[in-house]
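I opened these notebook entries to record what I looked up in a structure that was new to me.

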Amino acid sequence: MAKPSSEGDSSTASRTGSRSKMRESSLKGCGFSSFTGFRAGKEDVLRLAMPLYLRLAMLDCIKKKDVDAGDQHFQTSGSEDDPCCENPVVVFINPKSGGRNGSVLQDRLQHMISQEQVFDLHNVKPDDFVRYGLGCLEKWAEKDNCAKETRKNIRVVVAGGDGTVGWVLGCLGVLHEKDQFPVPPVAIIPLGTGNDLARSFGWGGSFPFARRSAIKRALQRATNGRICHLDSWHVVVQMPGGEVVDPPHSLKTTEVCDVDQNLKIEGCVPDKVNCYEGVFYNYFSIGMDAQVAYGFHHLRNEKPYLAQGPISNKIIYSGYSCSQGWFLTPCMSDPSLRGLNNILSILIKRKNSSKWEPIEIPRSVRAIVALNLHSYGSGRNPWGNLKPDYLKKRGFVEAHVDDGILEIFGLKQGWHASFVMVELISAKHIAQASSIRLELSGGDWRDAFLQMDGEPWKQPMSKEYSTIVEIRKVPFPSVMVNGE
């Protein structure tokens, strides 16, 4: 074979030199020393920042929603000036989470890592990243060693609240279903109000913006933290057709209603039904707590200037709880509107059992929560640290985040919930279950309020027809990074 012409060698050298200059420019613009107060050399940036050609290829694929859109960047790669990244990360930021500090954090992270690896969730959706960004790496893994190593070692950092983290985890879960391994583990920068997922995995309840080294420290923990697993729970909602509901983004419409059709229903099932499905990681609840959360979310969206931080959010939340009458429910004149037992029936499957069994709902309960984590309502543990004798007496087991079991408890009026939240008492223990089925029938109720991981919605109720909610464990775990 003839040797390449000198003109070709010159062209190749030109392209290599150009990429080298772009890389050097990227390194100089990272702003480590000016922002965090520490000096960072080229090797510090290379630990996190992917090679420029790889970043551009992934970004083109995501923007154009085409795994072939970044091919031109690989055709000019292969230079030793573009070494593989040791600890590749991508960051998803929700600028509306908690105190709405996401936009500030985004600018800082883009300086510290690279602009192409830090995504605003309003502009880049996590499912597009999974399908096209990771798809780009997988396509070129056999031909490009850097693409192969990046796909193998990449980690995802989510800067947001519990709902944002759950959204990203749900999109990454598709990789399990398609046997595309490894699934990138998820680290958290807590920007939400409650941040219970972050608390459960050692990331704390809030992000210390005042500390100069906080972002550097968070990235170090994200890249070096140990991997652990989290149970995920699949929810199916079957409701009468024609009803209008505005579900959170974690619930999607589906044509297949995957609920147990062999069970007897107390109400009636219409000929036409609408179905939604989704996944939660922390808790699912129905009742007064979801109603308060629903009102708070709408108030925050209508008047965003009130949401200046987690503390102000919690003050507004507490005030809204009082305004909704949770503290006055014992004084309500209509007894049919007091307890959930008027509209709700529950069936559960215990662990290692295939049999459904009914569970009695205490008359005094105004909210029922199915909890997966030890943290609820900004770090509280309403299930409590139960003693072995009590566990044995009730037939319970010690709760863990990966035990395949949900803890079901109830909250009474606001005073009871308040004492539970300051951990003076435990919540009303109802059951532990590996699967849950809820049947709602309207009666005198026009609407019920439900929420998943802090994202509430109003569920229309019908006097004639029942709404069915089924909760089952997802067969594969979510992959997390422990921040401790």
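The model is predicted, so local features need pLDDT of at least 70 and side-chain atom pairs pLDDT 80 or more, while totals for chains, interfaces and linings use all residues. Residues are numbered from 1 along each chain as its sequence is written, and side-chain values use heavy atoms, without hydrogens and water.

Entry on cysteines. I looked for disulfides, that is, pairs of cysteine sulfur atoms within 2.5 Å, and found 1. Cys257 and Cys275 form the disulfide, with their sulfur atoms 1.1 Å apart. The torsion about their S-S bond is about -40°, so the disulfide is left-handed. Cys257 counts as buried at 17% relative accessibility, and Cys275 is buried at 6%. Which cysteine sulfur is closest to that of Cys85? That of Cys146 is, at 7.8 Å, too far for a bond.

Entry on the sheet. Strands are DSSP runs of E, at least two residues, and helices runs of H or I, at least four, numbered from the N terminus. Strands pair if DSSP finds at least two bridges between them. I traced an open sheet of 6 strands, ordered S14-S13-S12-S9-S16-S17, with antiparallel pairing. Its edge strands are S14 (428–433) and S17 (455–460). S9 and S12 pair over 5 bridges, and Tyr283 stands opposite Leu371 in S12.

Entry on helix H6. In residues 102–112, I noted Gly102, Leu105, Gln106, Leu109 and Met112 as buried.

Note on methods: Buried means under 20% relative accessible area, exposed over 50%, partly exposed in between (1.4 Å probe, protein chains only).
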